[in-house]
Amino acid sequence: MLKIDRINKKYNEKHVLEDVSFVIKQGEIVTLLGANGSGKTTVINCILKMIKPNSGNILYMGKNIFNIKNKNYFKDISVLLESSSNVYDCLTGMQNIKYFCGLSRLNLKKNEKIDFYIKEFGLANAMHEKVGTYSRGMQQKLALIIALMTDPKLLLLDEPTLGLDIASKHSIINILKNMIAEKKISILLTTHQMDVVQKIGGRVLLLKNGKVESFDTINAIAQQTGTYKIIYYDADGTIIEKEENLSFKEIYNKYNQYAIEEIKKIDRDIEKIIMEKLHESV
C-alpha cells in the first residue's frame, strides 16, 4: 500500500534521514520507534506531504504521492498528531465530530459508527460538554474517534495512547486490531510505550540517527540477540556462572574444554533489547 523507497532529507547539510526504506502492507500495523531526533517526525511529515525528501520516493498504491492530487490522497488518510491540537476546545465533543465529519462530507444521520465509537471510548456522558473541560485522555479519545470516522485506508497515529488510563489504552489497542482484521486498514503508529508495542503486534521499524536500524516483528527482533547463562567447572574444579551474548554453538566451542554443567537461554525483555539497539555505538 505505502512504499518508502530510499528517501533522504537534510537541513543545512545535516542528514535527518538517510536511505530510509520500508513498506506498509494493506491490513498491517507498523510501529515506528526511535530516540528523540531519530527522524520519526520527519518520516511522518514526508508521508503527509508537509515536507519533500531531497531524494527517493514515497509511493501510495504504486504512485508517487507528490503526483497525486491532495483531495484524492488525503481522502484515504487520517492522522492523529500528538504535538498538534486535534480538536477545538470551544466546541463540545459532538460539535467537534459534526464539524470534522462535515469537512469530510459524511452523512451523520446514516452513520452508526458515531454511537459505537462514543460508547466504546466511554465518552457518552461528556459529548455535550466543551472539549476545553476534557482531560488529556478524553481529548485523545475524541480525536481518535474523528480520525476513525472517515474509514481511512491508511491511519497515521502519533502517540495515540498517551495520557490514557489502562482500560482506555487497551480499548484503543483492541479497536485498532479489530479494524485491521475486519477492514484491512493500514496503520503507522509511533509510541514510547513498550506495552503498546507488544500488545498491538505487527512489525516494528527502529530508526536510529536517521537510518533504519531494524524492521521486523517483535519476536524476530527479540531472537536477533542470543544471551545464555553458562554454568561450568573451571580447571580448579570451581563452579562458575557467566552470561554470554553469543550463539549456543559459539558458547559451546568457547567452553568445551571445561566440564559444562548447563547452557540455558535467557529470556530477555524486548524493551531492553530495543533500547540496546537504539543506543549502541554506530
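**Charged pairs, a pocket and a helix**

Modeller: K75, D76 and K153 are linked in a network of salt bridges, where a salt bridge is a side-chain nitrogen of Lys or Arg within 4 Å of a carboxyl oxygen of Asp or Glu. The model is predicted, so local features need a pLDDT of at least 70 and side-chain atom pairs count only at pLDDT 80 or more, while totals for chains, interfaces and linings use all residues. Residues are numbered from 1 along each chain as its sequence is written, and side-chain values use heavy atoms, with hydrogens and water left out.

By the salt-bridge rule the count comes to nine. One of them joins R203 and E28, with 2.5 Å from N to O. R203 lies in strand β9 (residues 203–208) and E28 in the loop between β2 (14–24) and β3 (29–34), so this pair links parts of the chain 175 residues apart. Helices (H or I, at least four residues) and strands (E, at least two) are DSSP runs, numbered from the N terminus. Both R203 and E28 are buried, that is, under 20% relative accessible area; exposed means over 50%, and partly exposed lies in between (1.4 Å probe, protein chains only).

A second salt bridge is formed by K169 and D195, at 3.1 Å from N to O. Its partners sit in distant parts of the chain, K169 in helix α6 (residues 166–183) and D195 in helix α7 (residues 194–200), 26 residues apart. K169 is buried at 10% relative accessible area, whereas D195 is partly exposed at 28%.

E244 and K254 form another salt bridge, at 2.9 Å from N to O. E244 is part of strand β12 (residues 239–244) and K254 of helix α9 (residues 248–255), so the pair ties together parts ten residues apart in sequence. E244 counts as buried at 11% relative accessibility, and K254 is partly exposed at 40%.

Now to the part I would look at longest, the largest pocket and a helix that lines it. The grid has a spacing of 1 Å and covers the protein atoms alone; a pocket is an open set of points where a 1.4 Å probe fits, with protein on both sides within 12 Å along at least five of seven lines, and a lining residue has an atom within 4 Å of a point. Rolling a probe the size of a water molecule over the atoms shows where empty space is left. The largest pocket has a volume of about 670 Å³, a volume being the space filled by probe spheres set on the points, which are joined across faces, edges and corners.

Its lining has 23 residues, and I77, S78, F100, S104 and T150 lie nearest the centre. At least two lining residues each come from α2 (70–73), β6 (77–80), α3 (93–103) and α5 (136–149); the largest share, four residues, is from β6. By type the lining divides into 14 nonpolar, six polar and three charged residues. Here Ala, Val, Leu, Ile, Met, Phe, Trp, Tyr, Cys and Pro count as nonpolar, Asp, Glu, Lys and Arg as charged, and the others, Gly among them, as polar.

How far does α5 reach from its first C-alpha to its last? The 14 residues of α5 reach 20 Å, close to the expected 20 Å, which is 1.5 Å times one less than the number of residues. Eleven of these 14 residues are buried, so α5 is largely enclosed by the rest of the structure. Among the buried residues are G137, Q140, L144 and M149. The buried residues of α5 pack against β6, α3, α4 (113–120), β7 (154–158) and α6, where contact means heavy atoms within 4.5 Å.

D151 follows α5 and has a positive phi, near 50 degrees. Most residues other than glycine have a negative phi. R6 is not a glycine either, yet its phi is positive at about 50 degrees. R6 is in strand β1 (residues 2–11) and is exposed, at 54% relative accessible area. Leaving out residues up to four places away in sequence, R6 touches D19, V20, S21, S55 and G56. N209 also has a positive phi, near 55 degrees, and is placed in the loop between β9 and β10 (211–217).
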